[in-house]
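I opened this entry to look up salt bridges and the chain contact. My notes follow in the order I took them.

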There are 2 protein chains.
Amino acid sequence: MPKHLLTPGPVPIPSFVMEAISQPVIHHRTPEFRSFYQELLSKLQYYFQTDSSTGTMIGSGTFGVECAIYSMFRPGDSVAVVDMGKFSNRWNLYAQLCSLKVHPLELAWGKAPNTQEIVAFVAQHSPKGIVLTHSETSTGTCLDLEEIAWQLRKAHPDLLIVVDAITSVGAQPYYHDAWGIDCSLAASQKALFNPTGLVAFALSERAKNALVPTDSADFRNFYNYLASAQTGDYPFTAPVNLLYGLNAALQHIEEVGLPALWRKTHLHAQTFRKALEEMGGVVRSEFPSETLTAFHFPDKDNESLRQDLWAQGFELAGGQGSWKNHVLRLSHMYPSDMEVLESLISTLRAMV
Amino acid sequence: MPKHLLTPGPVPIPSFVMEAISQPVIHHRTPEFRSFYQELLSKLQYYFQTDSSTGTMIGSGTFGVECAIYSMFRPGDSVAVVDMGKFSNRWNLYAQLCSLKVHPLELAWGKAPNTQEIVAFVAQHSPKGIVLTHSETSTGTCLDLEEIAWQLRKAHPDLLIVVDAITSVGAQPYYHDAWGIDCSLAASQKALFNPTGLVAFALSERAKNALVPTDSADFRNFYNYLASAQTGDYPFTAPVNLLYGLNAALQHIEEVGLPALWRKTHLHAQTFRKALEEMGGVVRSEFPSETLTAFHFPDKDNESLRQDLWAQGFELAGGQGSWKNHVLRLSHMYPSDMEVLESLISTLRAMV
């Protein structure tokens, strides 16, 4: 097993998180759990930078975005989806599966998304909502979400803006309220440095008004989670141990402060990209995310390179979809470490 | 916090499970993960007593049963649901939400389900499938699943038999293959003594043939989990740490042996029920499950009793739905302990 897990999710889990998870489980229908959970939800407000409602549910990131689409739109509703990689393509396909009237804006993998094009696309189709992927993990490409959200909100006050922030929030600047986002999604194994298994979300008043009650048994409907959360309750069996871990991470994030984490990610990414360029490597995205770098070396067998790094103790992710075997992907998210990065850089330099 | 968590899920998590969960996370798109996961799936075959396919997904038990209903039936399909408590009522409501043609057989809470009535009900409606709850956790009532499944299978070779075995499999006799069950569901926080967050399932050939591919992005469709599992893969981000814990529990179960665990649960339940009767307490179910006892003391304030036990270090669950404040519910599932049980019995005896 390589010594250093450097994939853009899952990320290594710090021992203080594991210690929190290992605390004795308590029953979830108790005053103790309710007060614990209410505090956790308020910590999530800091994480998403919102004064509005937050929630959690059991699931991986994919499930979270799917539940957001399911909870906020009804069959026949029109929705724009910016499809720019493997994950954002999932939201496109899933919205179709939900019988929404989908307007996909397909962008080439790794190209810088053109803000004006996205804004014009929404103006053209006037959808009820839009699904944006802030940082597309398959290509390491970012949207200029701040600019896009501002322009969309100004032109379309009622547009429902749903953001897959799974590999952005917590690791690079993200402002749910100030940017006018309606629904933001995070996943535990990314910038929350926890085991896979939890989704976290934030919902604006506009988003909450869009939720439609289905049935109290409906596991996918955010409505049920919000209704229960008013009293600190969980609509289904609460994932108590996983919530302990999430709470420990959120506590740490509050103590360190979001700007410090954002700076750390930024510095990590910049350091790597500068060294990469000096070695003749190429960042594959024209508008790279802060949280990961997808890169390759032209004229090299990049998958062999990845295997060689693996053998030297550094585990990076490979490419996905049409980029399979052609790129390496490196995480810059906490708990990424500058010392390990320097060591990765020297190892890579010796190889290429 | 009470010293002894005795609720029928979540159950206390043994330290060897927590130690397994705390192992360093590995990436799920690796040969290492695939071989680990394939071994885990074969351990699940022992757990369910099946030679057919097994799988896991992120979720709580409710989500697992909902995914089974969603994956095996299509809108308009007719399905019988035996509704005999809070959880089996959920399956009734959820099947309606999926636009199935639902035939609910509503039984009084706590009454012994009449096997002949269930068999006759299916003969009358000829549904495509039936959803049965082996052990209804809200009332502590069991179905005579062995007898019911045998009779149903004999009369209806193509009937899809879906079983919520969430508080039965692992703790009392359960034979997926021998009883002719098509889809069996388990949840991690019950007789798998793990944190809440994982669903496990077993599917017969008949069940697998009933699965309909929707979209590879569809988180709820068992089809995607089975397709990936053929190579030890996970269709979405795998919950690696939670799977470590599940694997440790399954390893333990194999070592101890299912019959030994079943006997232990049985003895625990019998010991408690005998003592309860001597104290003037009453088991609330006419056909109690092995895994939990729902009980009350006539003429007593049972919720106060529960609070008093709590103050003495014993946490039992209260009632749900119409039984709220009227019953106490005690787990007999591993890692329930005879010494703790004796101590609970003496404490209770001194109170009533």
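I started at Glu286(B). With a relative accessible area of 48%, Glu286(B) is partly exposed. The model is predicted, so I kept in mind that side-chain atom pairs count only at pLDDT 80 or more.

I then looked for the partner. Glu286(B) and Lys111(B) meet through their side chains in a salt bridge, at 3.1 Å from N to O. I noted where the two residues sit. Glu286(B) is in the loop between strand S11 (282-283) and strand S12 (292-296) of chain B, and Lys111(B) is in the loop between strand S4 (101-106) and helix H5 (115-125) of chain B. The pair links distant parts of the chain, 175 residues apart. Lys111(B) is partly exposed, at 46% relative accessible area.

Next I turned to chain A. Lys111(A) forms a salt bridge with Glu286(A), and their closest N and O atoms are 3.1 Å apart. Lys111(A) lies in the loop between strand S4 (101-106) and helix H5 (115-125), and Glu286(A) in the loop between strand S11 (282-283) and strand S12 (292-296), so the pair ties together parts of chain A that are 175 residues apart in sequence. I read a relative accessible area of 45% for Lys111(A), which is partly exposed.

I checked another pair in chain A. A salt bridge joins the side chains of Arg206(A) and Asp182(A), at 2.4 Å from N to O. Arg206(A) lies in helix H7 (residues 205-210) and Asp182(A) in the loop between strand S8 (160-164) and strand S9 (183-187), so this pair ties together parts of chain A that are 24 residues apart in sequence. Is Asp182(A) buried or exposed? Asp182(A) counts as buried, because its relative accessibility is 0% and the cut-off for buried is under 20%. Arg206(A) is partly exposed, at 31%.

I then took the total. Over all chains, the count comes to 20 salt bridges.

How many salt bridges are there between chain A and chain B? The count is zero. I looked at what supplies the chain A side. Helix H1 (15-21), helix H3 (61-72), helix H4 (86-97) and helix H9 (240-256) of chain A each supply at least two residues of the side that touches chain B. By class, that side has 25 nonpolar, 15 polar and seven charged residues.

Last, I noted the extent of the contact. Chain A gives 47 residues and chain B gives 47 residues. The buried area between them is about 3800 Å², with 67% from carbon and sulfur atoms. Four residue pairs are in polar contact across the interface.

Terms used: Residues numbered from 1 in each chain as written. Chains lettered and ligands numbered in written order. Predicted model: local features only at pLDDT ≥ 70, side-chain atom pairs only at ≥ 80, totals over all residues. Heavy atoms only, no water. Contact = heavy atoms within 4.5 Å. Buried area = accessible area lost by both parts, 1.4 Å probe. Salt bridge = Lys/Arg side-chain N within 4 Å of Asp/Glu carboxyl O. Polar contact = N/O pair within 3.5 Å; in protein donor to acceptor, adjacent residues only side chain to side chain. Helix = DSSP H or I, 4+ residues; strand = E, 2+ residues; numbered from the N terminus. Nonpolar A, V, L, I, M, F, W, Y, C, P; charged D, E, K, R; others polar. Buried < 20%, exposed > 50% of the residue type's maximum accessible area, 1.4 Å probe, protein only.
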